[in-house]
Amino acid sequence: MTEEQLTQVERIKANSRHLRGTIVDSLADPLTGALAEDDTQLSKFHGFYQQDDRDLRSERKRQRLEPAYSFMIRARVPAGVCSPDQWLTIDALASRYANGTIRLTTRQAIQLHGVIKRDLKKTIAGINESMLDTLAACGDVNRNVMAPPLPALSAIHRQVQADAETLSAHLTPATRAYHEIWLDGEKLDGKEVEPIYGDTYLPRKFKAAFVVPPMNDVDVFTQDLGFIAIVEHGKLAGYNVTVGGGMGMSHGEPGTYPRLGDVLGYCERDQVLAVSEAVVATQRDYGDRTNRKHARLKYTIDDRGLDWFRGEVESRSGTRLKDSRQFSFVANGDVYGWQESDDGRWHYTLFVQNGRVLDAGDREMLSGLRAIAAAHDGEFRFTPNQNLIISNVSQAQKSRIDELLAAHGIANEAQATPLRLHSLACVAMPTCGLAMAESERYLPSLIDRLDAELEAAGLAGEAITIRMTGCPNGCARPYVAEIGLVGKGPGRYNMYLGAGFAGDRLGSLFLENANEDEIIAALRELFRRHSAQRRPGERFGNFLVRTGVVRSVRNGRDFHDGPVDARTK
Amino acid sequence: MSTLAASSTSPPLADDQLKRVSQAVAGLTPVQLQWVSGYIAGLGASAMIPSSIPEAGRSLTILYGSQTGNGERVAGALAKRTDDLGFPTALYSLADYRPASLKRESLVVLVVSTHGEGDPPDDAELFHEYLLSGRAPRLTDLSYAVLALGDSTYVNFCQTGRELDARLEELGANRVLPIVECDLDYDEAASSWSDGIVAGLPDWLDVAPPAPRLHAVETAARHGKDNPFAAPVLLNQKITGGTSTKDVRHVELSLDGSGLSYEPGDSLGVVARNPRQLVAQVLDILGASEKDEVLVGNETVTLGEALTNRLEITACNQGFLRAWRDIRGASELGKLLEDGHQEALVEFLHKHQVIDVVRRFPVDIDAQHFVSLLRKLSPRSYSIASGPSANPGEVHLTVAVVQYAAFGQDHWGAASTHIADRVDEGDTLSVFVEPNSRFRLPADGNTDIIMIGPGTGVAPFRAFVEERVEQGARGRNWLFFGDRTFSDDFLYQLEWQRHLKRGGLHRLDVAFSRDQDNKIYVQDRIREHSAEVFDWLEQGAVIYVCGDAKRMACDVNDALVDVIAQHAEVDREAAQARLAELRREGRYRRDVY
């Protein structure tokens, strides 16, 4: 591989002096609200993306003004745990510097949108003051490490969460650039060493998660690296290790595809760090740095084979992986409402539509959570499905929380049908630069129509997972939803059907480039059939596969085979 | 021009002489005629004129001091007339005239405007200061006349002319004509004053009327103030962002076929029409119909036409106030107009439009009477925002739309509202070029320039930079720009970014007053970068300032004084003198309004 073949991003990373680049100069440039182009790549490692208001793009060009640049800042929240005080800090920052909303992500992190350049440093410093940070929330490094959101459920969950936090700390980049730039830390100017990542970090983003069956709420098969807790005799024995999951693909490029992770083997708890480091290092050394669309771990594994990969991991970690153990998943969604944990505390999983916390009409989610944070002495926990758990509530406080939820119009009963409760959407328009179609702003109204169709089909109480993204990169994990809608152009989506309710099977293409009416018409017919022909308790996705409406796709490389467009049949 | 007999003034030839000349040139082509005219002019210059030079070398010197170019136009036209008539004539800008030379002059006529609240225009500042100072010599041999230009929206509207007129008398000079004061619609008054000068010259210079110089009529611009060009609007684009508190338009006009041309620094006169909402309100107050007929000057027009296209109903002036007071009788208004309330009056005129006075001090008045109190509607001037070489056949303007609430009512600016509300692509805007020779790029492209233009004051600098790029000028260009917010008020942001990237602009410093708790303005940026500003000045840079005269221009001036004081290590007085020196050298030029 010659120097010339490396991607531009590789060159930028290599010249960045451990992610410093010219970010400081970019921040100081008063003539533009943007960063220098190279810095827009490096900024991701610091936890923020440059975006612009796409609704205004053409208008501002005519006004001879540059795009309305702003930044999305992602705070890393390992395992999604956040104290009420931290929440109030984020809330204050969102109101003061961002667009007055907080976005819960599909990776248990939080995002602020619409922060302008001159407020970046104040916002990032504010996040750090709350003991959260944004380092490595994005970029070609290990991102927020996910874990089942409710460790209080059992001793197992608590141990898994501790392992997740340890791994998160272990894989955090060592660069001091972050502290220098945002926290006025001592200047080292890139002379530090990155022990795990090296000077050019990873070829592409890297995602890790822990999961405790039977819930697959973290969608472990969509992760580059997953740890499935194996419980034996009521104790956490160790983990099945999964590798090579990933959602992203590009339209019209069959060489790119979503892929479910493979179970590589079983490891003990105390081998988690060594195995993880070996997985990361193998990807660091063998991942494709000449093509960012072919750079994720999933392609490295498919190109070289799972056995080869296992050999690398074993030799690098000095660990021999054992045969994987039995496990099974039932769902990849959340359990809503109150749950009691083994210590007698209470936990309320609150549905947050598309993860967007804001005050909108009678639903005052932002104000409501502010009031709850002020009254609450437990924690907030973010779920992998963009929801929020008001966690660790005493019996005495429980009714107070209920009152506050009701007073702000945000209790689950007030909000949602089963379909809506199982929906996810990425941000897309107007801020995400990748979006080809609407997502967060559109899915709620599409669900209104689909709910009517479900009711007409006699399926009003039916939980179906439905996920939408504005582009094929798959932030909302649409390829493991029973109904996956992926933006192709304004008002146009590819519809993928037939994924498993537990996130254990990929959907496959059913409609290409379809508009709303075509989507509705197709689903109306399939709902009708499902209602009439399903077996007792049979999930929508399973039904479609069993009856041959779509193929069963487990292997990413089969994802594009024989595309089925229902309209051409 | 077809025959010599068509020449302007009555020639000093006997009938038979005239006949012979006419015969001699009959049948010549225009090109031949031009050659002959030059030939005869040459004869005149070498043979005829000396005989008519007055004894003791009495001659006419025309001096002008002008902020917007009006004074220069009047003075230039007069000089051309007197020169054509064979009177020895010299024409100077006051900026280029050594005041000490006055002692050697026999007849001086001064055309001078007044700037803002009674200040001399930039190019007259030093002359004015000298003449009013104790250093001015006795001028008992001097004869003089003054034409004062101004804008009666301002209280002291012809102050500089008045001061110079009175001072010359005080110094012993002989006033040959009483001062004439002109308002914005100066054409008629100025031309009858010029007629008076021409008529008086033989007496004052003590010569018989000399032979007129005969030459081909030069091809005058077909379109001027009296005959504006209906320029098709190519683009009328708001260039402030969605949440801006301001509406600023970028307007592109076609000059194709107009014969009009301009240079960077020139202004464009735009024929204004009063806002129809305002006209409706005035009609309502008068209880009159737009179809009613009134006499304006000596022309009968409908009231709607008079209020829309003929008369000033936005800007209020002292004359109107006095007339209104006379109708209404003793009142608060009367008090304001008494001596000693100067400042209050200035403030009042600044804040009130005609309609505010009418509303606040109601009187019973018929439409004809009301109309007779109003001033002629003046065209509005906008600094041209386009470089002629980069935009052939086009002229661009940067227009801030004036719309605000006061006294519980909406208010509108005349021309800008017209542009904002009534002018779309495909419509036309009546325009003419107003040359501004005092605001020109350095002739030498190697000279550095510093441009200070906050708000729409940035307009001529867009023209400057475009022109310098086209010229391939090698001098550096530094722009200071300021406005309210970075996100929505950074006028021409994309263009500046492009110029910076491509080397057309070398430095850009910006000040956005409302983006932080403390307000930051261009003068603060000048002080911040004082060492570099001084360095550029030392290397010969020319400074240009365009925009608000009331505050910005003074604040920027102060900042420049500070820059010089700090880095030349002199006191403020010496720094002021250095700045005055720069102004005299044409290295500190302003187009402020």
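Q: In β21 of chain B, what is the bridge partner of B:Gly547?
A: B:Val592 is the partner. Keep in mind that this is a predicted model.

Q: How do β20 and β21 of chain B pair, and over how many bridges?
A: They pair in the parallel sense, over 5 bridges. β21(B) covers residues 588-592.

Q: And β17 of chain B with β20(B), in which sense do they pair?
A: Parallel, over 4 bridges. β17(B) runs through residues 449-452. B:Ile452 stands opposite B:Val545 of β20(B).

Q: How many residues of β20(B) are buried?
A: 6 of the 6. So the strand, residues 542-547, is largely enclosed by the rest of the structure.

Q: Which residues point which way from β20(B)?
A: B:Val542, B:Tyr544 and B:Cys546 point one way. B:Ile543, B:Val545 and B:Gly547 point the other way. Both sets are buried.

Q: Switching to helices. Which residues of α7 in chain B are buried?
A: B:Leu278, B:Val279 and B:Val282 are buried in α7(B), which spans residues 276-286. Seen down the helix axis, the buried residues fall within an arc of 100 degrees, so they line one face of α7(B).

Q: What covers the buried residues of α7(B)?
A: The cover includes α8 (303-310), α12 (354-360) and β15 (409-412), in chain B.

Q: What follows α7(B)?
A: B:Gly287 does, with a positive phi near 60 degrees.

Q: Over to chain A. In what order do the 5 strands of the open sheet come?
A: The order is β3-β15-β16-β11-β10, with antiparallel pairing. β3 (81-82) and β10 (337-340) stand at the edges. Each has a single partner strand, so one side of each is left without a neighbour in the sheet.

Q: How many bridges link β3(A) and β15(A)?
A: 2 bridges, in the antiparallel sense. A:Cys82 stands opposite A:Phe380 in β15(A).

Q: Is A:Asn392 buried or partly exposed?
A: Partly exposed, with 19 other C-beta atoms within 10 Å. Buried would need 20 or more.

Q: What about A:Ala136, where does that lie?
A: In the loop between α6 (117-129) and α7 (155-170) of chain A. A:Ala136 is not a glycine, yet its phi is positive, about 65 degrees. A:Ala136 is buried, with 28 other C-beta atoms within 10 Å.

Q: Next, cis bonds. Which residues does the one with omega about 10 degrees join?
A: A:Pro213 and A:Pro214. A:Pro214 is in the loop between β6 (208-211) and β7 (225-232) of chain A.

Q: And the one with omega about 5 degrees, what does it join?
A: A:Met429 and A:Pro430. A:Pro430 is in the loop between β17 (423-425) and α16 (443-456) of chain A.

Q: How many residues does the largest nonpolar core have?
A: 155. A:Met495 is one of those with the most contacts inside that core. Leaving aside neighbours within four places in sequence, A:Met495 is in contact with residues including A:Ile483, A:Phe510 and A:Ile519. Another core, of 148 residues, lies apart from the largest one, with B:Val155 and B:Ala315 among them.

Q: Last one: how many residues does each chain bring to the contact?
A: Chain A brings 12 residues and chain B brings 17 residues. The side of chain A that touches chain B has 5 nonpolar, 3 polar and 4 charged residues.

Notes. Residues numbered from 1 in each chain as written. Chains lettered and ligands numbered in written order. Predicted model: local features only at pLDDT ≥ 70, side-chain atom pairs only at ≥ 80, totals over all residues. Buried ≥ 20, exposed ≤ 12 C-beta atoms within 10 Å, placed from the backbone. Arc of directions from axis to C-beta. Contact = placed C-beta atoms within 7 Å. Pairing = 2+ DSSP bridges. Nonpolar A, V, L, I, M, F, W, Y, C, P; charged D, E, K, R; others polar. Core = buried A, V, L, I, M, F, W, Y, C linked by C-beta atoms within 7 Å.
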